[in-house]
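Have the viewer open while you read.

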Amino acid sequence: MIVIYSAKKIITMNSAIPVASYVAVKDGKVLGTGSLEELQKWGEFRLDTTFEDKIIMPGFVEGHAHTMEGTLWRYVYCGFFDRMDPDGNTWSGAKTIDRVVQRLKEAESKLTDPDAPLSGWQLDPIYMDNKRVSRKDLDKVSSTRPIGVLHASGHIMNVNSKALEIGGLMKTGINHPGIPLDEDGYPTGELYGPDAMTPIGVHVGFNRSMTDSDEEGLLAFGKLCVRAGVTTVTDLAARLTEDGVDSMLKTTNQESYPATVVPLKVFLGATPKETVDLAVSLKKKTTDRLKLGRIKAVADGSIQGFSARMRWPGYYNGAPNGLWYTAPEQLSELYRLALEAGVQVHTHTNGDEATEMALDMLEGALKVNPSPDHRFTLQHCQLADLAQFRRMKKLDMCVNLFANHHFYWGDEHYRLTVGPDRALRMNACSTALTTGVPMAIHSDAPVTPLGPLFTVWCGVNRITASGRVQGEAEKITAKDALYAITLGAAYTLHMDNEVGSIETGKRADFAVLEDDPYSVAPENLKDVKVWGTVQGGRIFDAKSL
Amino acid sequence: MSSNKGLPVTIVTGYLGAGKTTLVNNALRKANGLKLAILVNEFGSLAIDEDLIISQDENMISIAGGCVCCSYGNDLLLSLMELAKLDPKPNHIILEASGVAIPSAIETSISLIEECYVESIVALVDAEQIRDQLSDKYVADTILAQIQSADLIFANKIDLVKNLSDFNCWASNSPPLDSCICVSHSNIELDVLLGVKRVGESNPQGPHINEFWSKTYIPGAPLDPKAFAKLLSGSDLKLVRTKGYVRGTDGKTYLIQTVGHRYYIDLSAELKEPGVVLIGSKSSKHESEVLERIGELRKKSDV
């Protein structure tokens with residue numbers, strides 16, 4: 001059965017017919033776009049006018065997110081900015097520590113089991129004049145129940161006295177850089193880095209399988225996708241245990257699952273060969289809505305955590321250089337084996353030394369296994385300079401830049417981590433386009449909220465949280481940014497043949513919008529409302545999820 | 001410093017190719033009744049020699065002689081806590097750190113849990129490669145940090161070094177490698193790797209070890225255990241490890257242990273005959289020289 005949808009405007013990203021009024025869909029695929037007269041020749045059809053006053057774009061492709069955001073919404077939202085949950089309720093940002101405490105209290109009063117932990121997420125005191133949260137603040141919520149609140153960065157956690165007590169850390173004499181002490185000699189309750197967080201985290205609801213999306217989490221994440229106009233989404237560092245894969249297959253195969261999920265197997269705890277072999281065998285399990293067989297490697301840490309690997313002159317505040325998460329030789333072997341097996345690798349590099357290292361390793365691996373069209377992608381790649389982008393181009397690499405980061409932490413980078421010069425060129429979208437490196441831009445949800453139109457706004461305006469424009473020269477046009485969240489991101493996943501534009505033969509994936517992002521003022525791009533999506537020809541109205 | 005009550009952990013650090021995996025497998029072959037738990041970053045067919053494996057599931061490899069091997073991925077502390085809960089409890093944990101991990105950071109983390117304590121940090125370097133590695137643009141600082149935080153540094157694969165005197169000359173001018181001990185094939189006796197057996201415990205293999213010498217030192221009169229432990233762990237003697245009992249000036253018996261510059265002192269519940277086993281490296285200082293020097297140092301510093 002052919003369905004022809006009418007719309008106020010259909011932006012196709014297909015240069016042959018850039019704009020149309022009708023799109024015909026059959027078997028979940030696009031039959032064609034054009035006028036009703038042109039399309040009706042395909043045969044018997046039903047005209048659907050649901051989108052008559054809407055703007056249709058290709059469904060958005062989020063090239064770097066983590067489905068665990070769906071799981072996190074089970075916990076109390078403690079973020080500074082307003083954020084919409086999977087059910088469409090917007091949680092207002094908690095602007096003060098008192099407000100965070102009050103919100104936790106409200107949640108605490110609803111818990112029936114007196115021993116159950118209370119968990120919160122997305123706290124970010126840097127916006128609250130950098131006032132430190134202490135265990136005493138959280139003790140006001142409860143002194144008998146363990147409480148833990150994860151920060152937005154994911155690298156810091158605040159806990160109460162009870163949690164410290166259960167974890168055996170409510171004592172004096174601790175000497176650990178990740179555990180600051182109060183004047184009384186006891187920990188303040190701030191825990192920095194996974195080593196300090198893990199022993200307490202398990203007692204406050206944050207455990208090792210948290211990054212695996214269970215059915216409930218993945219369903220919740222699917223709803224977030226619909227609300228953001230996303231029809232294809234990556235899960236960029238999945239453990240992909242056997243059970244995890246089975247669960248993801250089962251959930252995404254449900255007839256009502258609204259997105260195609262692309263999980264990348266994280267290169268951790270296994271040898272390069274085992275990882276590549278696993279990716280090859282997982283590829284065979286690929287379905288329409290779960291695309292398996294890609295690898296994610298992590299070269300270094302984060303810039304705001306001072307664990308990113310930096311070239312000279314290093315951090316602006318003099319912090320020592322960061323850490324390698326993967327040794328150069330391991331990355332080189334992974335690249336070589338993956339190229340040989342035809343498996344794609346995406347690599348997290350934050351600092352410019354990490355980017356340089358990944359470029360060197362891929363250059364070497366490509367000499368051993370020349371592979372046209374490998375599309376190995378650097379993820380985040382926040383500090384790359386022009387020369388590095390030129391090398392990416394020469395090596396046929398893609399890049400996925402962290403445009404959202406610029407808004408949330410740009411001021412910190414300017415002031416503290418990398419200093420003005422390099423902060424201005426961070427996430428250099430314009431340089432990527434000028435040098436011809438295929439580019440996507442991303443949210444890294446849950447680090448920042450899933451919302452490609454917000455990401456577009458970030459790339460176009462480069463405004464930081466304090467309202468400054470940072471890096472005028474790296475601004476890109478709305479047209480380029482909208483391409484980056486559709487075909488651009490699809491290209492980095494080798495999926496530009498399936499999604500990213502509305503044209504004959506491609507999956508019928510649409511973002512259905514209330515306004516036209518091509519005609520709104522650049523500063524209003526983030527306010528373009530999303531009605532919902534069409535995914536594989538199935539309609540998902542955000543209001544009735 | 002007193003050793004805690006938890007399980008002793010030896011952190012084995014070193015860059016890729018230094019011989020960590022071989023070291024671990026050697027230790028398993030020599031375990032001889034000791035229940036070792038091995039924690040590795042990479043859990044795969046390569047971690048443990050196949051002939052040692054009895055069975056394997058997703059989380060653990062069971063090894064001949066009651067030993068086990070687990071991987072820790074990014075949850076080191078959780079894995080250590082789980083190992084400490086095993087029944088029967090392991091006697092010792094060997095933690096094979098990843099090639100880019102900084103062991104001092106691992107030690108601080110382990111200090112957070114009561115189940116375990118770091119007994120020593122042992123670094124392996126590839127003697128043939130280390131000079132190049134220490135000038136590598138990406139990993140030089142990482143490797144330097146690894147060996148700087150080690151109690152014992154083994155220059156492994158020394159048999160592959162073509163000009164040994166040249167290497168020795170370079171190493172002796174490149175601290176902290178000036179105190180490195182040369183070995184081949186990661187061949188390090190368990191006594192050296194994990195701590196010497198106490199006086200009175202049987203040692204079926206005899207006291208003599210490949211590149212090492214071992215000797216029991218009897219301190220005549222009671223002494224200050226801390227000052228003595230400091231003396232034994234000082235750079236002057238170049239001792240690898242020591243362990244044994246001394247009588248304190250307060251009349252109590254103390255167990256002292258040293259490994260490189262690290263030392264532990266614990267009050268002993270029982271009254272024991274004083275005697276400390278010393279292990280030294282043949283390539284640095286011979287036993288007669290060491291014994292003589294201990295006498296001189298004790299006299300000089302009135303210990």
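A salt bridge here is a side-chain nitrogen of Lys or Arg within 4 Å of a carboxyl oxygen of Asp or Glu. Across the interface of chain A and chain B, that rule finds three salt bridges. Keep in mind that this is a predicted model, where local features need pLDDT of at least 70 and side-chain atom pairs count only at pLDDT 80 or more, while totals for chains, interfaces and linings use all residues. Residues are numbered from 1 along each chain as its sequence is written, chains are lettered from A and ligands numbered from 1 in the order in which they are written, and side-chain values use heavy atoms, leaving out hydrogens and water.

**Where the chains meet**

Contact (heavy atoms within 4.5 Å) involves 35 residues of chain A and 30 residues of chain B. Buried area is the accessible area, taken with a 1.4 Å probe, that two parts lose on being put together, summed over both. For chain A and chain B that comes to about 2500 Å², with 56% of it on carbon and sulfur atoms. B:Lys137 and A:Asp360 join their side chains in a salt bridge, N to O at 3.5 Å. Both of these residues also belong to a salt-bridge network, whose members include A:Arg311, A:Asp352 and A:Glu356.

**Inside chain B**

Chain B splits into domain 1 (7-193) and domain 2 (197-301), with bounds from an automatic or database domain assignment. Their centres, over C-alpha atoms, are 24 Å apart, and each domain puts 20 residues into the contact. Between them the two domains of chain B bury about 1700 Å², 47% of it on carbon and sulfur atoms. On the domain 1 side, B:Glu119, B:Asp191 and B:Val192 lose the most area, together 33% of what that side buries. B:Glu119 also has a salt bridge to B:Arg241, at 2.8 Å from N to O.

**Salt bridges within a chain**

The whole structure has 49 salt bridges over all chains. Here are some of those within one chain:

| Pair | N to O distance |
|---|---|
| A:Asp184 and A:Arg135 | 3.0 Å |
| A:Asp411 and A:Arg468 | 2.5 Å |
| B:Glu296 and B:Arg293 | 2.6 Å |

For burial, under 20% relative accessible area is buried, over 50% is exposed, and in between is partly exposed (1.4 Å probe, protein chains only). A:Asp411 is buried at 18%, whereas A:Arg468 is partly exposed at 29%. A:Arg135 is buried at 5%, and A:Asp184 is partly exposed at 38%. In chain B, B:Glu296 and B:Arg293 sit three residues apart in helix α9 (residues 287-301), about one helical turn. Helices (H or I, at least four residues) and strands (E, at least two) are DSSP runs, numbered from the N terminus.

**Strands of chain A**

Which strands does β1(A) pair with in the parallel sense? Two strands pair if DSSP finds at least two bridges between them. β1(A) runs parallel to β4 (residues 45-48), with four bridges, and to β5 (residues 55-58), with two. Its pairing with β2 (residues 19-26) is antiparallel, over six bridges, and there A:Ile4 has A:Ala24 as bridge partner. Eight of the 10 residues of β1(A) are buried, so this strand is largely enclosed by the rest of the structure.

Elsewhere in chain A, an open sheet of eight strands with parallel pairing has the order β6-β14-β15-β16-β17-β18-β19-β20. Its edge strands are β6 (60-62) and β20 (439-441), each pairing on one side only. Within that sheet, β15 (residues 260-266) and β16 (residues 294-298) share three bridges, and A:Val266 stands opposite A:Lys296.
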